[in-house]
Amino acid sequence: MAAHLKKRVYEEFTKVVQPQEEIATKKLRLTKPSKSAALHIDLCKATSPADALQYLLQFARKPVEAESVEGVVRILLEHYYKENDPSVRLKIASLLGLLSKTAGFSPDCIMDDAINILQNEKSHQVLAQLLDTLLAIGTKLPENQAIQMRLVDVACKHLTDTSHGVRNKCLQLLGNLGSLEKSVTKDAEGLAARDVQKIIGDYFSDQDPRVRTAAIKAMLQLHERGLKLHQTIYNQACKLLSDDYEQVRSAAVQLIWVVSQLYPESIVPIPSSNEEIRLVDDAFGKICHMVSDGSWVVRVQAAKLLGSMEQVSSHFLEQTLDKKLMSDLRRKRTAHERAKELYSSGEFSSGRKWGDDAPKEEVDTGAVNLIESGACGAFVHGLEDEMYEVRIAAVEALCMLAQSSPSFAEKCLDFLVDMFNDEIEEVRLQSIHTMRKISNNITLREDQLDTVLAVLEDSSRDIREALHELLCCTNVSTKEGIHLALVELLKNLTKYPTDRDSIWKCLKFLGSRHPTLVLPLVPELLSTHPFFDTAEPDMDDPAYIAVLVLIFNAAKTCPTMPALFSDHTFRHYAYLRDSLSHLVPALRLPGRKLVSSAVSPSIIPQEDPSQQFLQQSLERVYSLQHLDPQGAQELLEFTIRDLQRLGELQSELAGVADFSATYLRCQLLLIKALQEKLWNVAAPLYLKQSDLASAAAKQIMEETYKMEFMYSGVENKQVVIIHHMRLQAKALQLIVTARTTRGLDPLFGMCEKFLQEVDFFQRYFIADLPHLQDSFVDKLLDLMPRLMTSKPAEVVKILQTMLRQSAFLHLPLPEQIHKASATIIEPAGESDNPLRFTSGLVVALDVDATLEHVQDPQNTVKVQVLYPDGQAQMIHPKPADFRNPGPGRHRLITQVYLSHTAWTEACQVEVRLLLAYNSSARIPKCPWMEGGEMSPQVETSIEGTIPFSKPVKVYIMPKPARR
Amino acid sequence: MPEIRVTPLGAGQDVGRSCILVSIAGKNVMLDCGMHMGFNDDRRFPDFSYITQNGRLTDFLDCVIISHFHLDHCGALPYFSEMVGYDGPIYMTHPTQAICPILLEDYRKIAVDKKGEANFFTSQMIKDCMKKVVAVHLHQTVQVDDELEIKAYYAGHVLGAAMFQIKVGSESVVYTGDYNMTPDRHLGAAWIDKCRPNLLITESTYATTIRDSKRCRERDFLKKVHETVERGGKVLIPVFALGRAQELCILLETFWERMNLKVPIYFSTGLTEKANHYYKLFIPWTNQKIRKTFVQRNMFEFKHIKAFDRAFADNPGPMVVFATPGMLHAGQSLQIFRKWAGNEKNMVIMPGYCVQGTVGHKILSGQRKLEMEGRQVLEVKMQVEYMSFSAHADAKGIMQLVGQAEPESVLLVHGEAKKMEFLKQKIEQELRVSCYMPANGETVTLPTSISLGLLNGPHIDGCCCLLRQEASAPNFRLVSSEQALKELGLAEHQLRFTCRVHLHDTRKEQETALRVYSHLKSVLKDHCVQHLPDGSVTVESVLLQAAAPSEDPGTKVLLVSWTYQDEELGSFLTSLLKKGLPQAPS
């Protein structure tokens, strides 16, 4: 074996690859004729249609190469002509369709045959399938006008077929291939281009509802292909709205929507009157009417589409929320109106009198219109619908419309607030999210706030947290409102203590948004008294902290507030500023020095200086090359220190600073490793001391993985540099191993592997190589031919000198870079009571963590449990366990199952979060990889993991089972 | 002419004792058989003598349909079937069949035991009456007899409420019963397909009202209950045992669940417990939410709601109690009310309408001092709230249903005349559908527009024909076309095709005819070919005549004439003759 290897290295190192490739191509050629031939033989063998069908099914399971498609098609066609059984012909026809979709095969050669067999076919099913095949062919050749025209012609011919299936397919074909304009090109064969819209439009009144649906779908398809539909279609589509069949109505609603988007401003007459309105308004009214359709499918469709009709005029829009209440023919005000009036008149809702909602004015009987009012109350109906799908669609539509129209947002508020009491949690959640999205446009009235806050007692955590998010960004109009919110939040806190962090955060924003409203509340909230000293509250009380968070955040922009604080408040401030610095801002307090004034954002006008500082320190490093090793090390060391400190101080620069610091640390480690004395010592002597160098190599590898996968916003430029650093680490590893191991055998393998890596690197980053002037890899590639033929010892020697000579590469900084981080909120790891369970059985541990700047957390984030005996367990959380409360933020709420054999006493297990990575999935696909099938497993497999949260210790105690 | 006749015996321009007679294509159907809450004399039941003057009920009625279990729709049923005497089938849905006897029994007890009425139906009669009931499923087409079929649609309103489509041949009537177009906490919304009946008979309780969103009402209700309970007060909710009570229970139960409240909720026992049991069983009749979640938990298996005991009323601390009856005129709800009325922390919520004279009506109209029996004066300090939870369709809902079903005409019942008038006008204006609103005992006759034009025209074809005779026996029957023609006094219309064939033949006409005859005789061996004395040839009913045009003696014109029925033979003959005659051996 060794001898053989040696031979390879010395003589044939470079030649090995090529013969293999040749063999591979040969293989392909061998299979090609066999495939169609085998099919042919099989089909000839088939005695009965069932047999033939079986063969065809088997054949369909295997892919066919582009070159052999034509042969296969010929054979299939041949059998098609002979075949009497329609089911076999059907299968053949469908196979033709599949085959013509094969990449790299141009199907125009089989089109004639397909059209030919179409003419003689009697079975409707086979006809439909053949038309489908033609559709596949036609879509494959989108630029060939003649073929398209011919296919359209064929479709038109078969439109009169008695079977609905055939007509469906024809319409589909027309929709996909037809063109609108009458005279696009005069074809040589005299096939005049037809007006497809008119042809399809004629089938709107087909007797079969399936064909009607297909006709509308075809029309929509025309629109999707970018052809502009004529406005004439609008009236036709309106008639279809009263069709008997729900699928027709549903498609018609879509079509009307499309037309209304195409011609929003054109004018249509109102029937039975001589008024005229804009088309988009008319369409809006019609779609609104469909919100009370008999079929819920249509209702969902209509409600969804309403959301995207933004051009509609505002008085139409506002009608959707107005049902024109009446009682005994007298106009009645809605409960919402009443609430508003009571509020504005200063009296709070009593609702005590029976006749409270007594109708007022008399309605003119002639003027009341019960159904034709179009948009009237569409959303009122939609939000009250029986099916929650409709309600959700309506809420979504409300959200979209409210985002584009502030006045509508104000009006729909009452209705959204009402939805907070829906019976289905999904709907409640959706409406809370919607409210959050439009919260910039609105200010909550006190009675609305009251209803909103009532939901805080909901037992569902998702609802409560969504509500906290909502409160973060709502505007409250009065100080009573703030007080109410605080009281309800504190109630929530006592009822559900686990909401602590969420509530604190909510109060932080509430405070900073409404400083002037908080100001008059301060004495009451802190329970200070003008004459008496009151008792000092307990500093560990979460409720008290909540109040303080509110006040301190309000005080940030309200300089008069600190004057109202008592002494202990200042002490508590200092404590909280340190312990909960993310919730408590820096304040300018009278008579106190600002300890961290230099970094306080309120004092620094812009972040420019720190940005500059960052740039400067990075530029300083560029001179690294010209320094002696000792100096370079020192420079790197203090630059890293600077960067780290900067990252701590300036949270917005933390990502960049950390990222560059990590890179510099890698460089520092490399320099240190190369500075080792061991390189000068003879091989046998430094066996023990080589630890440092190999440890350095290992650490660099780890750091590079972190750089690549733990930061969001890393671009290709950076990935190159990171990979380059990793390559250097690998070279270092190789050198160290070469020095420490005796014998050449393992070295051969390592050398080969390393050279392969270099090769990969070259292939992946071929475009970026020009940027890597003078670098390690640049030099390496220069010497590649020599390296290929050298002995391992020689390779190592070359690498060593190259590593020393190679220039330090500058790391270009990306625009936006954030380090992924995770904090485990639960388990808190504070409990002294062990979690007891019977050994061998499982115990569920609730894990709640927030993740920031993690890309694709569903696939990458794992939970690791480390048992005291060193056993580690990795748990993949379900995709549904991740929630996305905001951009760049994720929340993991999951359950981890623990189990172990019996222990004698309680012990701690460690729970931490891991970031799984797989470098091959990240690399952009190279041309040579596209051809072969990338198995889906490659994407999901885990190459390694990076721990990215602080481990939390959980006290557990598995007890032996009692017998 | 065929027609549909509708006569309301009750609920015509009125609310209560719904009872509508429908004659459709000779079939007589009675829709609902209810009692009137407002009367205690004979007027409480419909006047069945309207029917019995012509003989026995069973002979006259083909079936009775009950839409739902409310007493104003089924209260007179035992009286009607056992005391007046009816033995035909009674159709209702399964939940109605289950709950109806409970309510009837309750009604009987109050009437007989409390009010001491004689000559009222007995428990046994209720049982016997229920034996005549045939239960139907939703959307199940039931053949009552060969011609009459009925089909039930979901109506919301209360558990098991249904709309019925009654169909004879191509004529149909839809009766809505009471229905609700907006879903509530336990039931879905009424739904009907585009069945295009000739007549839609719809209730019109809220003919002139467009209602506010139910969400505000629900929210208000929950807020009021919650606030009172948090203050430590007690809440009394007087309810009628079935329908709204369950909705409010679900509402409170889910709210308690969501908000994690621990305050006890009680439900006064008795009849409601039995009914609740049925609510648990008939899950397919409830709304989407309950249907979806019942696998995990049946929403009617209340966690927080427990049975009430008389002693609980004196318990300290907050609580919520549902008690019957709904108008606070007697029974448990009144007892509890008297106990709690003195404390201003407590609250009473009236969830529905109260009749004048009841305690409920008095307190709602703001009276604070009530005279109770024995000249006691009860001072009401507790808060009094009114919350309307009604499960009838409002004007918009009615219009929506009419729009969904697309009937030819609409008939309004179960509402007040003045309000109906408005709705009638609206329906005629906006939907362009004729609309009727007969009073009790008034008959509406609708001509149905089955197209008889076919019969009158001259195109009777084929061998059979559908005939319907008038007045005496309004039935359809199948007769042959000849008989139909005879009965209608129409002459048969004959369609003949004629064709000329030119033949080269110099001989005389008679000889040509003879040659044609012999030729045809040899070709058409199994057909009857005859040579008539006038020189013409007949093959079955096809007539051939030879004629000689004056101008050209060398050619003869052969006239071939055949009827529409012999098209095949005729065209065969012409094509045969066009080939020419074989050369005669002469």
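Buried means under 20% relative accessible area, exposed means over 50%, and partly exposed lies in between (1.4 Å probe, protein chains only). These close-ups come from a predicted model, in which local features need pLDDT of at least 70, side-chain atom pairs count only at pLDDT 80 or more, and totals for chains, interfaces and linings use all residues. Residues are numbered from 1 along each chain as its sequence is written, chains are lettered from A and ligands numbered from 1 in the order in which they are written, and side-chain values use heavy atoms, with hydrogens and water left out.

**View 1. Glu147(B) and Lys27(B) form a salt bridge.** Their closest N and O atoms are 3.8 Å apart; a salt bridge is a side-chain nitrogen of Lys or Arg within 4 Å of a carboxyl oxygen of Asp or Glu. The pair links parts of chain B that are 120 residues apart, with Glu147(B) in the loop between β7 (141-143) and β8 (148-154) and Lys27(B) in strand β3 (residues 27-31). Helices (H or I, at least four residues) and strands (E, at least two) are DSSP runs, numbered from the N terminus. Glu147(B) is partly exposed at 32%, whereas Lys27(B) is buried at 13%.

**View 2. Glu637(A) meets Lys672(A) in a salt bridge.** Here the closest N and O atoms are 3.7 Å apart. Glu637(A) lies in helix α31 (residues 629-649) and Lys672(A) in helix α32 (residues 654-675) of chain A, so the pair ties together parts 35 residues apart in sequence.

**View 3. Asn421(A) is buried, with a relative accessible area of 10%.** Beyond its neighbours within four places in sequence, Asn421(A) is in contact (heavy atoms within 4.5 Å) with residues including Arg428(A) and Arg185(B).
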